[in-house]
Every structure is written in C-alpha cells, then in structure tokens.
Amino acid sequence: MTTDDWKNRLYFGDNLPILREHIADESVDLIYLDPPFNSNATYNVLFREHDRTESAAQIQAFDDTWHWSTDAEWAYQQVVSHGPKRLADMLQAMRTFLGQNDMMAYLTMMAPRMVELRRVLKPTGSIYLHCDPTASHYLKLLMDAVFGAKQFRSEVVWRRHAHSHSLGARQWPALHDVLLMYSKSATWVWNPQYEPYGDQHVEQLFRYSDERGRYQSHPITGARPGGPEAYAAWRGIRPSPGRAWALPRYNLLPKWLDLPTESEWQKLSIHSKLDILDGLGMIHWPKKVGGIPRLKNYSSDASGKIVEGIWNDLGVSVGNAERLGYPTQKPEALLERIISASSNVGDVVLDPFCGCGTAVAVAERLNRKWIGIDITHLAISLMRNRLRDTFRDEVSDYEVIGAPADVKSARALSLEGGNTGRYQFEYWALGLVEARPAHNQRRGADSGVDGYINFFDDNSGRARTLLVQVKSGRVGSNVIRDLRGVMEREKAEMALLITLEPPTRPMRDEADSAGFYEPEAFPGHVFPRMQIATIEDILNGRGPEIPRLGLSEAPTFSRAPRRRRGAASRSERML
C-alpha cells in the first residue's frame, strides 16, 4: 500500500496470523504493545505446574491470563523447531528454568509475535513493550533474543497509581509499570520530550539574573576541532588546553535575538559570532579574573526539563474524562509521550493488542497513520465509538478488517470454536447497534440480557433503557416471552432481540402483544416495546427504533472527550 492510498486499519482477530498475512516487511515506524497478562495473580498461581493435557485457553475480553495448554505446547515446538536460533535457545532455557506454567505459556505465545513485530518494523523504527515487574525481566531476555541486546535503548518506569493498597509490612507496595524500548537498528527516530520546570528547579538551575530575567550559563568551548581562530584567544581569554571556541547551532539560539540571517551567520568567523553575541548581552562573564565566558540561557527560552526514564508527571491511571470502562485502559498522556518521542507526523503506529484503542486515538490526534489489532469484537466496538466521539467528522478514513460483512460470515463467526464464537458473535452484534455488553466475563446461566442501550427522550437527565438479547441459533416465541418478562422485571422501557435466523410469525405476534412505548416528549409518536431485528436487517441499515431527544445519541458507552486532530503534544506545546 503506497502513502497516497493509505487507509488506517482496525483488524479483528489473532494478531499473529494478521501480522504474518497483512502487515508488510519494514512498513511500521513505531510499535506500542501492552499484552494482556494477569499480573494481579499471585506468583504461586503464575508459576504453578499445569497438566499438559489441559484444554486450550481462549482469550476472552477482560480475561487476560494465558495458560499452559496444548496450544502453548504446540507454539513452543514451532518456535524451537523453526524460529531464530537465539530465540529457540532462549525459550528452551526459560522452560528448563520455569517449567510448564502460566508464565512460560505467556512467554511462549509472545515469542513468535516478537519475531513478526521485528519483521514489520522499519530500520529506523522503535518498539515499546508495556508490562509490569512480574514479567518484565523475562520479556527483556525475550526481546534481547529477538532484537539483539545492543538494540536495547531504555527501561522506563511509569508510576501508574498515586496510592497503593496496603500489603502489610512484608513487601514494598507495587506502584509502577515498566516500558522496554528497543530499536530495529543503531539509528532510530528520536524527538526529546520536555516537562515544565517547577519554581524550585528554576531557582536551582537558573542561578543568575539580569534585566531580561533569570538565566543559566552554558559552555561556549568544546572538544570538537576547529580552525586556528577557534583555539586563539578572544577578548584576552584562551580556551582550556584541548578545547576550542564552539557555539550552538544557529537554530538553537533564541529566535528573538537580532542576528544576521543563517546564511550570513555561517560565513562569519567564530570570534565575530562571539562579538555579536556579546554585543547583544548574551555572554556571561565570570567574576573570576581570566574565567572562561559562557553563553546565557534564559529560563523563558528553555524548553523545560528533559524527560528522564522515571515518569511520575503524567498523572496516574486514567482520568474520569477519558475513562471508557475498559479495565486495562492507559492514559492518553502516556501514549502521547511515546508517540511524540519516537515517531514523526505521517509515520505509521501499530498496536497489536489495542484494547480500547488509546494508542490509536492518540496516533490519530497527532496526525500519525495507524494500525490496530484486537482479538475481541468488544474492543473493536469500543474503538469505533471512541474514534467517532473523539474526532467526529474529522476522523481519518479507516476500515475494519475481519469483522463479518454479511449473514454468511456472521453465521461462520457464531460457529467458531464452540462458546468462543458465540461470545464473539454476541459482542459483534451488540456493536452493530452500539449496545454495551451486560457482562464482561464468561458466564454460566443466561440471565436473559446480553446488552443494553441508554437513551434520552426528555430533558429530565434520566436515561431510559432498551435491553438487548442476541441469539445466533434457532428461536421461537418462547424467547420473546422470556425477554418480555426480563424487560418488566428490570423496569426497562423497551427490549430488542437480535437474531441471526428470521423470526417466525408467532414471534412477531408475541412481540406485538407487548404494546407500544410513547414518550411524553414525543406525543403521538409510538415505538414498539418489543422489537426484533435480524442481522440482515441491521447490516442493511434497519436497526431498532429508539426515541431520542433532538440530535442526542445514546450514551451507551462512556463518551470519549472531544479532541481535534493535529492537537500538539505536551512537549510540542512547550517549544
């Protein structure tokens, strides 16, 4: 795909085959991944041996523990047999040390994905792996084996909680996550990030002052070679032995200075440049006789304090305005810093475990191209709603790949992998009508409600409710009777049955017998209390009939805050 016909992409499915089949070699500038892993489990659970005959674990929405299973055993054998030798050797050593447990399953599943992520990364690209101290040291060894230990760039510590739960006196509270940064090669995109100086920092760092304000002094000598004049005395002062007069690049000097043009500046001798700067009051002369003069750097010109490897300035967790109800959601400020530092406008950002899409949303805002992948239709629905709510008609063109586009593919999804397919079909169908799932864990008995839609039909501020049930198999009038009973029990105004199979005449009669809902704000307008919509109906644009006041939309999902594309990052706003 060329730059001209680029379209951002959301993929539904397992990221391993998607990476292999859809993402080209060296096509991505920046990768951020936050792989699902239940770090809250105790070490006793994570490192417990499991029976290798255990059935394969399926990753469901919000169920982020991977287990040692027949799938993990098969993946292990594939990597050891066909993967890069260093990675195969490392994985075998890890298994000898760890045995067969959840941690080893996690590392085994991550190994082939790391190989593919390295393949798709451009030579100047970087990858950030987000994890916590439970697994960070194992993952670092894994990344050393895939990317090479020499390509390790940084370990960033992000303070993710302001306060910890008391763990008693036997261990230190856990407050941070780890970000492991690797590059593809010895050359990578890097844009330094800055944070504002606090008042105390200004007083400590900018110790001098004049009529322009507070300033600090920077050396104007360096070790780099120059012509004879660079080593000669200026104003009676000679640089220290082995050093020469050296000034910052033209574009790093304050823009408010009345300097010659850049082309004229380049023609001047070093002493002439020093004379101009001294005449403009930019040279700091030490009180000590014979002291080496230095260049003034005013606090008003400073970009701020360069961001270091411990990040505790981003706020902690996710603010209420951003919160979408996704348990592993990360704050936008975290992704903004990563994307701003390690990519440029127009670069491609990939998140292969994108969840509710924070990396995708920030990449969109910062005018990057993006690719998101997730294994649940719930996540895809969350992302689509987030992009719509955040950017509205400014959102870039994107396509969703892997989601059913017709009844045939919808039926195929419902039949995939037993219950897994049924749950994925359910999440997908709920997403079609922008309904929030009523449960976010694997369930036992069916409660009769799979999702709900909130809507407003007056100015009271109280949301009304439409309950949603999804059926992928055969249905009859008893389903309508049961759903009507749930609607009355829950005191909901309306209910909707989404069905893959066409409804029978008795089903429609049963639904009609529930009568109509007539909102006070819509006199003379009635809406069926019990509605039936087939997948074919919804795909053809015939969704549920819902009363909505004015142009308001149902606040089914927590609404993402409005943002504008191209909004500057925190660091860019300081420059």
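**Figure 1. Aromatic pairs around Trp234.** The structure, a predicted model, holds 11 aromatic pairs. In one of them, the ring centres of Trp234 and Trp245 are 5.9 Å apart and the planes stand at 80°, so this pair is edge-to-face. The two residues come from distant parts of the chain, 11 residues apart: Trp234 belongs to the loop between helix H8 (228–231) and strand E10 (244–245), and Trp245 to strand E10. Both Trp234 and Trp245 are buried. Trp234 also pairs with Trp285; here the centres are 5.5 Å apart and the planes are at 25°, so the pair is stacked. This second pair again links distant parts of the chain, 51 residues apart, with Trp285 in the loop between E11 and strand E12 (294–298). The relative accessible area of Trp234 is 3%, whereas Trp285 is partly exposed at 35% relative accessibility.

**Figure 2. An aromatic cluster of four residues.** Tyr208, Tyr215, Trp256 and Tyr298 make up one aromatic cluster.

**Figure 3. An open sheet of 4 strands.** The strand order is E7-E8-E12-E11, and the pairing is antiparallel. Strands E7 (208–210) and E11 (283–284) each have a single partner strand and stand at the edges, so one side of each is left without a neighbour in the sheet. E7 and strand E8 (residues 213–219) run antiparallel and are joined by 3 bridges. Within this pairing, Ser209 stands opposite Arg214 in E8.

**Figure 4. The largest nonpolar core and a second one.** The largest nonpolar core has 53 residues, and the members that touch the most others are Trp311, Leu334, Val468 and Ile498. Setting aside neighbours within four places in sequence, the contacts of Val468 include Leu430, Val449, Tyr452, Ile453, Leu496 and Ile498. Also in contact with Val468 are Ala435, Asp450 and Gly451. A separate core of 49 residues has among its members Ile31, Met94, Tyr138 and Val146.

**Figure 5. Two loop residues with positive phi.** Most residues other than glycine have a negative phi. Glu26 is not a glycine, yet its phi is positive, at about 45°. Glu26 lies in the loop between helix H1 (15–22) and strand E2 (28–33), and its relative accessibility of 43% makes it partly exposed. Glu434, likewise a residue other than glycine, has a positive phi near 60°. Its loop runs between helix H15 (419–432) and strand E18 (436–437). With a relative accessible area of 29%, Glu434 is partly exposed.

**Figure 6. A serine side chain and a backbone oxygen within a helix.** Ser340 is part of helix H11 (residues 332–342). Its relative accessibility is 4%, so Ser340 counts as buried. The side chain of Ser340 reaches the backbone oxygen of Glu336 at a distance of 2.7 Å.

**Figure 7. Charged side chains over aromatic rings.** Arg95 is placed over the face of Tyr76, 4.5 Å from the ring centre. Lys140 is placed over the face of Phe152, at 4.2 Å from the ring centre.

Notes:
Residues are numbered from 1 along each chain as its sequence is written. This is a predicted model: local features need pLDDT of at least 70, side-chain atom pairs count only at pLDDT 80 or more; totals for chains, interfaces and linings use all residues. Side-chain values use heavy atoms; hydrogens and water are left out. Two strands pair if DSSP finds at least two bridges between them. A nonpolar core is a set of buried Ala, Val, Leu, Ile, Met, Phe, Trp, Tyr and Cys residues joined through side-chain atoms within 4.5 Å. Buried means under 20% relative accessible area, exposed over 50%, partly exposed in between (1.4 Å probe, protein chains only). Contact means heavy atoms within 4.5 Å. A polar contact is a pair of N or O atoms within 3.5 Å; within protein, one must be able to donate a hydrogen and the other to accept it, and residues adjacent in sequence count only if both atoms are side-chain atoms. Rings of Phe, Tyr and Trp (its six-membered ring) pair if their centres lie within 6.5 Å; planes under 30 degrees apart count as stacked, over 60 as edge-to-face and the rest as tilted. A charge sits over a ring if NZ of Lys or CZ of Arg is within 6 Å of the ring centre and within 35 degrees of the ring normal.
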